[in-house]
Each structure stands twice: as structure tokens, then as C-alpha cells.
Amino acid sequence: MAKAGSNLNLDGQGNPVWLLLELTYRCPLKCAFCSNPTDLAAHPDELTTAEWKSVIRDARDMGAMQIGFSGGEPTLRKDLEELVAEANALGYYTNLITSGIGLTRKRLEDLKQAGLRHIQLGFQSSNPETAHWLAGVDCYDKKLRIAREIKDLGFPMVLNVPISSLNIHQVPEIIALAADIGVEYLELANVQYYNWALVNRDQLMPTREALAMAEAQVADARKQLGDRMTIFFVIPDYYEGRPKACMNGWGSIHLTIAPDGMVLPCSQARTLPGLHFPNVRDHDLGWIWHQSESFNRYRGDDWMKEPCRSCTEKEHDFGGCRCQAMLLTGDAANADPACSKSPHHHLVREAVARAGATRQDHRMLIARDAGWHPTEG
């Protein structure tokens with residue numbers, strides 16, 4: 001299946017390990033950094049319960065071990081508990097990735113009974129007003145109540161806080177809030193610039209100085225908290241000079257199923273022009289993973305241009321992110337502009353300089369339209 005140089009890791013068999021089900025693109029929030037497609041209305045037809053169950057079984061047969069239920073907001077699917085129960089019965093480690101909107105204590109109890117193992121809760125800020133700016137709706141108190149309910153019911157939990165220029169100065173307060181809730185893991189994930197986040201990039205991108213200060217604050221907190229909480233601080237690759245090893249390599253261990261059944265190497269891949277991604281309604285999942293042209297397009301290194309082709313790091317970073325290369329340069333086969341060796345790295349440097357010179361103002365954010373409603377399966 002894999003071409004020479006693909007360096008598939010973690011699975012041992014060239015099969016997917018991590019399955020992400022984007023159950024719906026619907027969401028009650030209007031987050032300015034939303035990673036869902038900007039053309040939401042073009043993807044209205046969600047898979048039915050039976051179709052999702054078939055996907056879950058097929059991926060398990062291929063060797064997938066972990067499953068994430070995501071969106072949009074996955075709790076808007078009335079069949080969420082049924083799908084979690086199906087995955088649990090098949091032996092998956094189940095994870096819910098949610099904004100918390102749509103959850104109640106009763107629903108959390110039902111999900112626990114169904115076999116849900118882990119919850120990742122999205123949070124915008126430690127400050128209610130900032131949270132309102134970033135989410136586009138007033139949801140802080142609801143999220144805080146749900147976070148405490150999650151912990152009260154004994155779920156392991158990641159509190160995921162996308163970090164931008166509008167909340168990076170609140171990092172110590174965010175850490176304190178997470179500690180007070182009692183979460184095991186706090187992910188301070190600096191926003192990655194795709195879809196709505198790319199639209200709002202100039203307003204969302206923090207300065208280098210702000211990042212350095214936040215990183216120092218995280219280091220201090222780690223010393224003080226010790227083993228009480230693990231803090232991840234994910235630096236945006238615009239500042240690192242090295243591209244991220246996106247998804248551990250294209251079509252290596254990760255499989256995303258979009259709400260309409262499109263099968264993707266990552267949740268952003270449908271933005272790539274010239275690639276026809278197969279649908280589970282039309283093709284067997286195993287064929288899609290092993291044989292389809294779209295999943296094989298960027299495996300290995302045959303597709304690489306210079307400087308990636310002769311780079312000593314290509315076995316580790318796989319040339320970076322294909323979607324970012326396409327969004328910024330117009331060609332998905334180019335070296336990721338986040339890499340300092342890329343001939344297009346100036347695009348990233350210019351974006352960083354422009355963000356540093358821009359006055360951050362939440363009133364200039366373009367919010368995702370939450371008024372759109374697709375056909376639910």
C-alpha cells in the first residue's frame with residue numbers, strides 16, 4: 001500500500017489507528033476560529049445512524065482502536081449515545097469532542113452508561129466577556145457547569161482552549177480555572193489557521209512576545225502543579241520555522257469521516273482542489289484507505305518537490321501540511337510555507353508581521369454563521 005519513504009508509524013500494519021467521526025457540521029456556537037468548512041451549506045446531507053454504525057464496524061475491522069465523536073457539535077445528534085454504545089461494544093476507546101452545549105447531567109450519565117471513556121471540552125476563555133467574543137454567543141456559565149458535571153461523574157477530561165491574541169494574556173487565569181475544575185489535562189492549543197481561523201488570522205494571531213510570555217507562564221505553572229495536571233502548550237507552526245508532522249503523515253494512521261460520508265486523511269483535506277475524496281456510501285472503507293487515488297496522492301515522497309525531496313527531515317515532518325501549502329501557495333505539493341526552507345516561507349513571515357502590526361479588536365472578527373441547518377440523518 002505505502003510507497004517507499006512513507007515511514008508509516010504506530011500501526012504496524014499500514015492501517016488507521018485513530019478514527020474521527022464528524023457527526024455533523026451543525027453547531028450552536030459561532031466561533032471565529034472554527035475549523036469547519038466556510039461553505040457549510042454545500043455539505044447538507046448527514047449520514048444516518050445505520051450508515052455511521054457501518055463505518056464504525058468497518059474501521060474496527062481494519063484495526064482502528066480509538067474513536068472520536070466530533071463535529072460541529074456532536075451532541076446535536078440524537079443518536080450519539082447509540083453510536084457510542086456501538087463503538088464501545090466493538091472495543092474502541094471512545095472520546096467525545098464537544099463544546100458542552102447540548103450536554104446535561106442526565107445525558108452525561110447516559111453517555112457513561114453507553115461506554116464513553118473520555119471527554120474533551122472546548123473552552124474559549126477564563127473570562128466570560130472574552131468567551132462571548134470568541135464563541136459568538138453567551139455560553140461561559142453553561143460550559144463551566146458542564147465541566148464540573150463531567151468531573152463529578154468521574155470522566156477523564158481534557159480542557160481544550162484555543163489560544164489567540166484575544167485570550168493569550170489570560171493564560172495564568174485559564175490554568176487556574178482548569179486546576180479549580182480538576183481536569184487532568186489542559187491543552188492550550190494556539191489556533192491553527194484554516195477555514196474560519198484563516199479568515200480571521202490577522203485578528204487572532206498573537207505576537208512573538210506574547211507567545212514567549214505565555215510559554216514562560218506555562219513553565220512556571222507546570223512546576224507549581226507538578227503531577228496534578230498536565231499542560232500542553234501547542235505553538236503555532238507560523239512561529240517555529242519547522243512544519244508540523246501533519247497527522248503523522250498523509251493517510252498514515254488517521255481517518256476522518258465527514259458528516260456527509262466523505263472519507264478524508266484529515267478534517268481539512270476537502271479544501272484541496274483536484275482531489276476527489278470517495279464516500280462511504282459509494283465505496284468500501286478498506287478500498288478507500290488502501291487503493292483510492294486521493295489517499296495515495298501524498299503518501300511516500302514521489303510527490304515531493306524541492307526542497308522537500310532532498311531534505312533530511314522528510315521522514316519526520318513529511319513535508320508539512322498539504323492543506324496549509326494549498327491555502328497559502330495555491331499548490332498542495334509545495335513545501336509547507338511554515339518551513340523556513342520553503343521558497344514560500346515569506347508568506348508566513350509577512351502574516352506574522354501583519355498580525356503584529358494589527359490592532360486586535362474583537363469587533364472585527366467574522367463569526368461563523370450558526371443559522372444554517374442541514375438535513376439531519
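Predicted model: local features only at pLDDT ≥ 70, side-chain atom pairs only at ≥ 80, totals over all residues.
Visitor: Is F318 buried or exposed?
Guide: The cut-off for buried is under 20% relative accessible area. F318 has 10% relative accessibility, so F318 counts as buried.

Visitor: Which loop holds M247, and how does M247 count by accessibility?
Guide: M247 has a positive phi of about 55°, although it is not a glycine. M247 lies in the loop between β7 (230–234) and β8 (254–257). Residues between the buried limit of under 20% and the exposed limit of over 50% are called partly exposed. M247 has 31% relative accessibility, so M247 counts as partly exposed.

Visitor: What is the phi of G91?
Guide: Look just after helix α2, where you'll find G91. G91 takes a positive phi, and the value is about 100°.

Visitor: Which residues of α2 are buried?
Guide: Helix α2 covers residues 80–89. What covers its buried residues includes α1 (49–62), β2 (66–70), β3 (93–98) and α3 (105–114). The buried residues themselves are L80, E81, L83, V84, E86 and A87.

Visitor: Where is G72, and what is omega for the peptide bond from G71 to G72?
Guide: G72 is in the loop between β2 and α2. Most peptide bonds are trans. The bond from G71 to G72, though, is cis, with omega near 15°.

Visitor: What is omega for the peptide bond that joins E306 and P307?
Guide: Head for the loop between α11 (293–296) and α12 (314–317), where P307 is found. The bond joining E306 and P307 is cis, and its omega is about 10°.

Visitor: At what angle do α6 and α9 pack?
Guide: Two packed helices are described by the angle between their axes and the distance between the axes. Helix α6 is residues 171–181 and helix α9 is residues 208–225, with their axes 9 Å apart. The angle makes α6 roughly parallel to α9, and the crossing is right-handed. The angle itself is about 30°.

Visitor: How many nonpolar, polar and charged residues are in the contact of α6 with α9?
Guide: On the α6 side are V171, P172, I175 and A179, and they meet A214, Q217, V218, A221 and L225 in α9. By class, that gives eight nonpolar, one polar and no charged residues.

Visitor: How many charged residues are in the contact of α5 with α6?
Guide: The axes of helix α5 (residues 140–152) and α6 come within 10 Å and cross at roughly 40°, which makes α5 oblique to α6. Y140, L144, A147, R148 and K151 of α5 make the contact with L177, D180 and I181 of α6. By class there are five nonpolar residues and no polar ones, and the charged residues number three.

Visitor: Is Y193 buried or exposed?
Guide: Y193 lies in the loop between β6 (185–190) and α7 (195–199). Not counting residues up to four places away in sequence, Y193 touches L198, R201, L204, M205, P206, Y238 and L327. At 2% relative accessibility, Y193 counts as buried.

Visitor: What distance separates the C-alpha atoms of Y193 and D237?
Guide: Y193 and D237 are 44 residues apart along the chain. Their C-alpha atoms are separated by 9.7 Å.

Visitor: Which residues does UniProt list for "binding site"?
Guide: The record here is an unreviewed entry. Among the listed residues, C27 is in the loop between β1 (18–22) and α1, and C34 is in the loop between β1 and α1. C27 counts as buried at 16% relative accessibility, and C34 counts as buried at 12%. The UniProt list reads C27, C31 and C34.

Visitor: What percentage of the contacts between residues at least 6 apart in sequence join residues at least 24 apart?
Guide: Stepping back, the chain has 14 helices and nine strands. Of its 377 residues, 58% count as buried. Among contacts between residues at least 6 apart in sequence, the share joining residues at least 24 apart is 74%.

How values were computed. Residues numbered from 1 in each chain as written. Heavy atoms only, no water. Buried < 20%, exposed > 50% of the residue type's maximum accessible area, 1.4 Å probe, protein only. Helix = DSSP H or I, 4+ residues; strand = E, 2+ residues; numbered from the N terminus. Contact = heavy atoms within 4.5 Å. Axes fitted to C-alpha atoms, helices over the stretch in contact; angles between N-to-C directions. Parallel < 35°, antiparallel > 145°, perpendicular 65-115°, else oblique. Left-handed = near helix turned anticlockwise from the far one by under 90°. Nonpolar A, V, L, I, M, F, W, Y, C, P; charged D, E, K, R; others polar. UniProt positions renumbered as here; feature names shortened; annotations may be inferred.
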